[in-house]
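Please work through the following exercises with the sequence and the model side by side, and try each task before reading its solution.

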Amino acid sequence: QVQLVESGGGLVQPGGSLRLSCAASGSIFSINVMGWFRQAPGKERTLVARITDGGGTGYADSVKGRFTISRDSAKNTVYLQMNSLKLEDTAVYYCFADKGPASWVQRYWGQGTQVTVSS
């Protein structure tokens, strides 16, 4: 089992910044990908950003150039730096970790952290 604990959400004005953290513990070997999804009220959960164990990154078009995902392997922690936040970034942000071979990936989720962008 993998446990994921998120932190760093909160209330911020448009144009502001926040940094989310996600610390992994437990059976963390063979985690290949970590990242973040988000879910706004009444909408489906969508991928925001991901980072592989090799350091490769990917972003949703809506956050490219504004969000940066990074990983501290020594701390088993992934970060999401969110700049130039917009009203539409308001959502619950969920950390995830994918473990195992491509043919049988296990996905683990954090509990979610609320990000609210409001003036």
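The model is predicted, so local features need pLDDT of at least 70 and side-chain atom pairs count only at pLDDT 80 or more, whereas totals for chains, interfaces and linings use all residues. Residues are numbered from 1 along each chain as its sequence is written, and side-chain values use heavy atoms, with hydrogens and water left out.

**Exercise 1.** Determine where Arg38 lies, whether Arg38 is buried or exposed, and which side chains make polar contacts with the side chain of Arg38.

*Solution.* Begin with the secondary structure: Arg38 belongs to strand β4, residues 31-39, where strands are DSSP runs of E with at least two residues, numbered from the N terminus. Next, take the accessibility: Arg38 counts as buried because its relative accessibility is 11% (buried means under 20% relative accessible area, exposed over 50%, partly exposed in between, with a 1.4 Å probe and protein chains only). Then look for polar contacts, that is, pairs of N or O atoms within 3.5 Å, of which, within protein, one must be able to donate a hydrogen and the other to accept it, while residues adjacent in sequence count only if both atoms are side-chain atoms. The side chain of Arg38 has such a contact with the side chain of Tyr93 at 2.9 Å, and another with the side chain of Ser62 at 3.4 Å.

**Exercise 2.** Locate Arg66 and find which backbone oxygens lie 2.9 Å from a polar atom of its side chain.

*Solution.* Arg66 is placed in the loop between β6 (57-59) and β7 (67-72). With a relative accessible area of 10%, Arg66 is buried. The side chain of Arg66 has a polar atom 2.9 Å from the backbone oxygen of Ser62, and the backbone oxygen of Ser84 likewise lies 2.9 Å from a polar atom of that side chain.

**Exercise 3.** Classify the ring pairs that Trp109 forms with Tyr94 and with Phe96.

*Solution.* Rings of Phe, Tyr and Trp (its six-membered ring) pair if their centres lie within 6.5 Å, and planes under 30 degrees apart count as stacked, over 60 as edge-to-face and the rest as tilted. This rule gives four aromatic pairs. For Tyr94 and Trp109, the centres are 6.5 Å apart and the planes stand at 90°, so this pair is edge-to-face. It connects distant parts of the chain, since Tyr94 is in strand β9 (residues 91-99) and Trp109 in strand β10 (residues 106-109), 15 residues apart. Phe96 and Trp109 make a tilted pair, with 6.1 Å from centre to centre and 50° between the planes. As for accessibility, Phe96 is buried at 1%, Tyr94 is buried at 15%, and Trp109 is partly exposed at 35%. Taken together, ring pairs join Phe37, Tyr94, Phe96 and Trp109 into a cluster.

**Exercise 4.** Identify which arginines lie over the faces of Trp109 and Phe96.

*Solution.* The criterion is that NZ of Lys or CZ of Arg is within 6 Å of the ring centre and within 35 degrees of the ring normal. Arg45 lies over the face of Trp109, 4.6 Å from the ring centre, and Arg107 lies over the face of Phe96, 4.5 Å from the ring centre.

Conventions
Helix = DSSP H or I, 4+ residues; strand = E, 2+ residues; numbered from the N terminus.
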